[in-house]
Amino acid sequence: MEEVKVTRVEKQGLQAMDVVVVAVLLAAGAVLRMITPPFFGITPNVVIGMYVLAIMLLRPRLSQVLGIGLVAAAVCQLTTKSLLPYLNFASEPVGAIVTALLLYLPFDKNSFFRVVKPLVVTFLGTFASGFTYITIFKAITLFATLPKNPAYTYLLMVVIVTGIFNAVLAQVLYFPLKQLLKNV
């Protein structure tokens, strides 16, 4: 009997289909961000949830994760209402890298954690992005009393509401999209 040797070929970067998936998810995030009504005055940045979803589904290399974060920041510029819009070029790559690093955690060893992985990773990735944004905003605007200022509380609420919104959205979309990409 002849022995068949199977070798696994590692992906060399994002393939064309992967780039399409990232582009579609980021575009969907931008559209959803523009049409989503505010919750108590807070419009969630759905672009974050979509790039986190793309990173979870595709598991790109760290340099590609950084690229996804930068492209997401550029997309955010189209839909931002911020007074300091370019802060996304710092916050989105941080959120993307934190997301990629979270995927190294052993979620798959426990069935409960495997099921809630999209929820947890998306919330923490969104929180990393939002907290980075707030920290830089605070430093730039030199709000020495910001923690006592209602603006700080408002910004923190924006991050938390956005994190919850994105986490639920990613939880709903992750497994169906993962199955769809497996069949493509």
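Morning, everyone. A word of caution to start: this is a predicted model. Keep that in mind throughout.

Fold first. The chain has six helices and zero strands. Read from the N terminus, the order is α-α-α-α-α-α. There are 184 residues in the chain, and 40% of them are buried.

Next, the record. The unreviewed UniProt entry carries the annotation "transmembrane region".

Take residues 38–58. This span is 62% helix and 0% strand. Its end C-alpha atoms lie 30 Å apart.

On to the interior. Look at C76. You will find C76 in helix α3, which runs over residues 62–79. Is C76 buried or exposed? Buried: its relative accessible area is 0%, and the cut-off for buried is under 20%. One distance to note here. C76 and G29 are 47 residues apart along the chain, yet their C-alpha atoms are separated by 9.2 Å.

Now the surface. Two patches.

The nonpolar one is formed by M17, V20, V24, L180 and V184. Together these residues have about 470 Å² of accessible area. Which helix gives the most to the nonpolar patch? Helix α1, residues 16–35, with three residues.

V184 sits in the segment after α6, and α6 itself spans 150–183. V184 has a relative accessible area of 62%. Exposed means over 50%, so V184 counts as exposed.

R59, R114, K178 and K182 form it. Pick out R114. R114 belongs to helix α5, residues 111–141. Why is R114 classed as partly exposed? Because its relative accessibility is 37%, and that class lies between the 20% and 50% cut-offs.

To recap. Six helices, zero strands. C76 is buried in the model. V184 is exposed, as part of the nonpolar patch. R114 is partly exposed, and it is one of the residues in the positive patch.

That's the tour. Over to you for questions.

Definitions and conventions: Residues are numbered from 1 along each chain as its sequence is written. This is a predicted model: local features need pLDDT of at least 70, side-chain atom pairs count only at pLDDT 80 or more; totals for chains, interfaces and linings use all residues. Side-chain values use heavy atoms; hydrogens and water are left out. Patches are made of residues with over 30% relative accessible area and no salt bridge: like charges are joined within 9 Å, nonpolar side chains (Val, Leu, Ile, Met, Phe, Trp, Tyr) within 5 Å. Accessible areas come from the Shrake-Rupley method with a 1.4 Å probe; for residues, only the protein chains shown count as cover. A salt bridge is a side-chain nitrogen of Lys or Arg within 4 Å of a carboxyl oxygen of Asp or Glu. Lys and Arg count as positive and Asp and Glu as negative; His and the chain ends are not counted. The place of a charge is taken as NZ of Lys, CZ of Arg, CG of Asp or CD of Glu. Helices (H or I, at least four residues) and strands (E, at least two) are DSSP runs, numbered from the N terminus. Buried means under 20% relative accessible area, exposed over 50%, partly exposed in between (1.4 Å probe, protein chains only). UniProt positions are given in the numbering used here, feature names are shortened, and annotations may be inferred rather than shown by experiment.
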